[in-house]
Amino acid sequence: YGYEALSQISSAKKIKIERLLEVAKDYNDYDKLQQILFTNAIEKFESVVNRDSNIIMVNIDYDSYVNYVNKPRIYDMMARNKVVIEFKNYDNKDLTDIQETIQTIHLKGGQVAFDNFKLDNLSIEDICYLDIDYIIPDMSFIKDIYKDFEKQKFINSLITYTISKNINLIAVGVENKKILDTLKLVGVRLVQGYYFGKPLPEINMMNDDIFELLNKEEDESIM
């Protein structure tokens with residue numbers, strides 16, 4: 001397991017991070033804000049000594065990473081941690097450029113995930129061409145999957161394909177046991193969601209309740 005960094009706004013007003021990013025785009029500060037959130041998340045992670053894992057997953061817009069982020073600084077962070085860069089908005093890009101970016105990240109010790117994956121982002125053939133490490137299906141495929149056979153078939157087919165290409169699939173949005181049990185039945189082994197715990201303002205070691213829950217799930221024959 002590992003950690004994922006999420007960004008929240010500390011304010012008396014209820015402002016969503018998505019709204020902040022939209023305003024940043026209007027004022028041409030989007031790339032700068034993306035870099036700040038990206039690097040601050042990794043730096044915060046590095047400052048915590050008492051943690052269970054050195055894997056940190058950080059989300060960033062593909063264009064912001066390619067065109068703006070300070071690469072030497074990020075490469076230095078990759079050398080010290082297992083950084084998984086979760087790219088979003090990677091569709092409609094030149095596949096050769098994406099592959100070169102991925103290869104460089106791998107050479108520097110990092111890994112790559114494609115977040116919010118849907119077939120209208122990239123085709124299966126595109127995934128075959130790109131040497132990515134993780135696929136994170138869009139949460140719409142996971143929501144209520146226990147009562148939607150078409151979603152189950154899609155995730156099972158995607159699992160079969162990703163295994164053949166040595167790609168890990170992470171199912172996010174696991175909010176209850178019904179979803180978790182269904183995902184296990186269709187072959188999913190990496191999951192994330194509120195069923196295991198909600199985001200915390202600080203990095204904390206997994207508590208005993210989560211360990212007990214994981215041990216219980218591993219003991220079930222469904223695994």
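Visitor: Which residues does Gln34 touch, not counting residues up to four places away in sequence?

Guide: In this predicted model, Gln34, which has its place in helix α2 (residues 30-47), touches Leu21, Ile60, Asp61, Ser64 and Lys88, once residues up to four places away in sequence are set aside.

Visitor: Why is Gln34 called buried?

Guide: The relative accessibility of Gln34 is 5%, and buried means under 20%, so Gln34 counts as buried.

Visitor: What makes the pair of Tyr62 and Phe87 edge-to-face?

Guide: The structure holds six aromatic pairs. In the pair of Tyr62 and Phe87 the ring centres are 5.1 Å apart and the planes stand at 75°; because centres within 6.5 Å make a pair and planes over 60 degrees apart count as edge-to-face, the name applies to these two rings. Tyr62 lies in helix α3 (residues 62-67) and Phe87 in strand β3 (residues 82-88), so the pair ties together parts that are 25 residues apart in sequence.

Visitor: Why is the pair of Tyr90 and Phe114 called stacked?

Guide: The rings of Tyr90 and Phe114 lie 4.2 Å centre to centre with 10° between the planes, and since planes under 30 degrees apart count as stacked, the pair is stacked. Tyr90 is buried, with a relative accessible area of 2%, and Phe114 is buried as well, at 0%.

Visitor: How do you know that the charged end of Lys71 sits over the ring of Tyr65?

Guide: The charged end of Lys71 is 4.9 Å from the centre of the Tyr65 ring, where the distance cut-off is 6 Å and a limit of 35 degrees from the ring normal also applies. Tyr65 also belongs to a cluster in which ring pairs link Phe38, Tyr62, Tyr65 and Phe87.

Conventions. Residues are numbered from 1 along each chain as its sequence is written. This is a predicted model: local features need pLDDT of at least 70, side-chain atom pairs count only at pLDDT 80 or more; totals for chains, interfaces and linings use all residues. Side-chain values use heavy atoms; hydrogens and water are left out. Helices (H or I, at least four residues) and strands (E, at least two) are DSSP runs, numbered from the N terminus. Buried means under 20% relative accessible area, exposed over 50%, partly exposed in between (1.4 Å probe, protein chains only). Contact means heavy atoms within 4.5 Å.
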